[in-house]
Amino acid sequence: MKHKEGKPATHPDKNSRAVPITLMLFLLCGFSFYLGGIFCSERNRIVVKELKKEVQPQKESISTPLQLKAISFPECSNDYQDYTPCTDPRRWKKYGLHRLTFMERHCPPVFERKECLVPPPDGYKPPIRWPKSKNECWYRNVPYDWINKQKSNQNWLTKEGERFLFPGGGTMFPKGVGAYVDLMQDLIPEMQDGTIRTAIDTGCGVASWGGDLLDRGILTMSLAPRDNHEAQVQFALERGIPAILGIISTQRLPFPSNSFDMAHCSRCLIPWTEFGGIYLLEVHRILRPGGFWVLSGPPVNYENRWRGWNTTVEEQKSDYEKLTELLTSMCFKLYNKKDDIAVWQKSSDNDCYNKLSSPDSYPPKCDDGTEPDSAWYTPLRSCVVVPHLKFKKLGLNSVQKWPQRLQSTPERISEIHGGSASSFKHDNSKWKVRVKHYKKLLSAIGSDKIRNVMDMNTVYGGFAAALTGDPLWVMNVVSSYALNTLPVVYDRGLIGTYHDWCEAFSTYPRTYDLLHLDGLFTVESHRCDLKYVLLEMDRILRPNGYAIMRESSYFVDAVATIAKGMRWGCRKEDTEYGVEKEKLLICQKKLWYTSKRNS
């Protein structure tokens with residue numbers, strides 16, 4: 001063998017080669033550790049500079065609870081007593097009038113956020129308790145006269161002394177909601193046997209329709225914007241009826257597809273036939289296959305009603321024909337009709353939806369890239385969301401009747417990472433144990449002191465399910481950044497909404513009696529400022545209301561510090577199993593009155 005230059009190759013002794021190779025490896029390893037040390041120390045210096053605090057070893061940082069300095073929040077001025085940050089009339093002029101987009105959610109930027117406590121109105125009293133509250137509330141708690149004066153002839157509400165009374169009237173049922181719903185049940189027998197459990201009322205007024213349905217075993221999400229009617233949603237929640245601020249405008253409603261069993265509009269002034277029927281398409285998206293859409297008011301019964309609608313019979317006839325044509329094109333069928341009420345049913349028949357694939361169809365079928373459950377700041381689309389063929393038990397007639405459906409494993413749980421029948425049953429069992437423990441720590445649960453409840457970061461609705469035997473209702477909130485479990489909540493016959501807790505919730509101040517969270521700060525602390533989340537909780541919690549915060553031991557003390565600055569009284573408790581890594585913080589918001597005058 002020769003060297004590459006033609007010289008004879010030499011074969012040095014193997015032992016003599018091993019020494020320099022070993023030495024070289026040793027030097028390389030040492031140099032690598034040296035470089036690594038420089039890099040790591042430099043990186044740590046950068047982190048320290050950014051965080052402005054000493055970086056602790058990982059083990060120590062986990063075991064040492066987060067500590068904050070004592071803090072005290074000032075009172076907001078009196079003109080913020082009904083403050084709704086993301087639907088604030090003070091900011092409406094910044095947004096367009098087209099399709100009423102100014103009434104949609106428009107949250108203030110970080111530098112405009114309020115760091116003060118929203119005061120109650122002068123003369124505020126603890127709310128009248130359920131079920132008496134369904135029919136009356138304190139005037140001073142919702143001191144708005146406009147709606148009383150404008151709707152007095154329709155019996156929405158009347159003022160007597162210090163109270164508002166709710167006779168159960170509405171635009172299309174001024175003589176009372178009871179007879180109105182009785183007629184509706186005659187047209188839709190499924191309202192009486194547990195088939196229909198969840199409903200949505202668009203343009204709900206003071207939620208008399210939703211309130212009546214509660215007595216019939218139907219849980220209704222009452223929806224209305226903040227508009228010139230002054231506090232429709234606040235009246236609803238003051239009565240103890242589920243409600244949320246919202247409007248069908250340019251964005252999807254914050255609910256999953258194929259969820260509500262019934263939708264209702266009683267002269268809700270939504271222009272259903274305009275903009276290519278885009279508002280009807282949103283109703284179609286959130287309705288379950290086989291679900292019902294109920295319309296009373298123009299143009300239904302136009303033959304007898306047109307004179308009172310400041311229009312002509314020809315115009316109303318044209319509107320009704322256009323509405324019928326649009327509904328048919330979306331796979332709705334007229335189910336029943338009598339007097340002022342017309343009922344359409346969303347098709348469960350795939351043959352109808354298959355026809356939407358034709359190039360000449362309008363509205364067209366949504367393409368496969370359109371996520372049907374995407375509903376947080378998601379624009380409305382002019383296409384039909386078709387129920388997925390793989391779900392065989394999604395239709396209204398396929399879901400078990402209430403109350404059996406509450407404990408039945410929903411088919412859509414298979415869409416969730418880690419979701420299964422066993423995980424569903426485990427979640428149910430876990431929350432039964434937890435709620436039993438909660439009731440030992442907070443005796444107000446199950447009494448008439450607690451009516452409106454929010455689970456701020458639910459998974460399958462287990463907390464709400466464990467409370468169904470109590471005289472309360474639960475708003476189940478699923479983070480827009482979490483796994484999409486809200487369809488499972490609706491399939492169980494419960495209600496809820498998507499939300500991002502870095503922003504304000506779509507409700508008025510002082511509307512919930514109990515807020516519950518499970519590890520919310522642990523999950524969201526990298527995105528949301530702890531202080532602002534707690535201030536939002538203070539805004540929506542009623543005076544004398546409660547909060548149950550189940551959190552890692554790392555956050556509990558810091559949360560308690562901020563809560564004290566909000567004038568809450570808190571105590572730390574063990575969980576049902578007494579583990580050290582997790583604690584319960586049971587808090588109560590104190591009733592206080594502002595020391596400031598209107599500016």
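Me: How many salt bridges does a search of the whole structure find?

Reply: First, a caution: this is a predicted model. Now the general idea. Side chains of opposite charge can pair when their charged atoms come close. Here, a search of the whole structure finds 38 salt bridges.

Me: Let's take one. Which residue forms a salt bridge with Arg129?

Reply: Asp448 does. The closest N and O atoms of Arg129 and Asp448 are 3.1 Å apart. Now look at the chain positions. The pair links distant parts of the chain, 319 residues apart. Arg129 sits in the loop between α2 (58–63) and β1 (136–138). Asp448 sits in the loop between α12 (421–441) and β11 (452–455).

Me: Why does Arg129 count as partly exposed?

Reply: Check its relative accessibility against the limits. Buried means under 20%, exposed means over 50%, and partly exposed lies in between. Arg129 has 42% relative accessibility, so Arg129 counts as partly exposed. Asp448 has a relative accessible area of 38%, so Asp448 is partly exposed.

Me: Let me try another pair. Where in the chain are Asp193 and Lys401?

Reply: Start with the bond itself. Asp193 forms a salt bridge with Lys401, and their closest N and O atoms are 3.2 Å apart. Asp193 lies in the loop between α4 (177–187) and β4 (198–202). Lys401 lies in the loop between α10 (350–354) and α11 (404–407). The two are 208 residues apart, and the pair links distant parts of the chain. Now read the accessibility. Asp193 is partly exposed at 37%, and Lys401 is partly exposed at 39%.

Me: What about Arg550: is it buried or exposed?

Reply: Arg550 is buried, and so is Glu576. These two form a salt bridge, with the closest N and O atoms 2.4 Å apart. Arg550 belongs to strand β15 (residues 541–552). Glu576 belongs to the loop between β16 (568–574) and β17 (582–589). They are 26 residues apart in the chain.

Me: Which residues do salt bridges that share partners join into one network?

Reply: Look for Asp261, Arg288, Arg405, Arg412 and Asp491. Salt bridges with shared partners join these residues into one network.

Me: On to the nonpolar side chains. How many residues has the largest nonpolar core?

Reply: The general idea comes first. In soluble globular proteins, nonpolar side chains tend to be buried together. In this model, the largest nonpolar core has 129 residues. Those with the most contacts inside this core include Phe235, Trp272, Trp293 and Phe521. Helix α16 (residues 530–540) gives the largest share of the core, seven residues.

Me: What does Phe521 touch?

Reply: Skip residues up to four places away in sequence. Then Phe521 touches Leu530, Val533, Leu534, Met537, Met549, Glu551, Phe555 and Val559. Of these, Met537 and Met549 are also among the residues with the most contacts inside the largest core. There is a second, separate core of 21 residues. Among them are Met191, Ala199, Phe292 and Leu396.

Me: Why is the disulfide of Cys265 and Cys268 left-handed?

Reply: Read the torsion about the S-S bond. The value is about -95 degrees, so the disulfide of Cys265 and Cys268 is left-handed. Both ends are buried: Cys265 at 2% and Cys268 at 13%.

Me: Where are Cys502 and Cys528 in the chain?

Reply: Cys502 is in the loop between β13 (496–499) and β14 (512–518). Cys528 is in the loop between α15 (520–524) and α16. The two are 26 residues apart. Their disulfide spans 2.0 Å, S to S. With -85 degrees about the S-S bond, this link is left-handed. Cys502 is buried at 17%, and Cys528 counts as buried at 7%.

Me: And is the disulfide of Cys570 and Cys587 left-handed or right-handed?

Reply: The torsion about the S-S bond is about 110 degrees, so the disulfide of Cys570 and Cys587 is right-handed. The sulfurs are 2.1 Å apart. Cys570 lies in strand β16 and Cys587 in strand β17, 17 residues apart. Now compare the ends. Cys570 counts as partly exposed at 32%, whereas Cys587 is buried at 1%.

Note on methods. Residues are numbered from 1 along each chain as its sequence is written. This is a predicted model: local features need pLDDT of at least 70, side-chain atom pairs count only at pLDDT 80 or more; totals for chains, interfaces and linings use all residues. Side-chain values use heavy atoms; hydrogens and water are left out. A salt bridge is a side-chain nitrogen of Lys or Arg within 4 Å of a carboxyl oxygen of Asp or Glu. Helices (H or I, at least four residues) and strands (E, at least two) are DSSP runs, numbered from the N terminus. Buried means under 20% relative accessible area, exposed over 50%, partly exposed in between (1.4 Å probe, protein chains only). A nonpolar core is a set of buried Ala, Val, Leu, Ile, Met, Phe, Trp, Tyr and Cys residues joined through side-chain atoms within 4.5 Å. Contact means heavy atoms within 4.5 Å. A disulfide is a pair of cysteine sulfur atoms within 2.5 Å.
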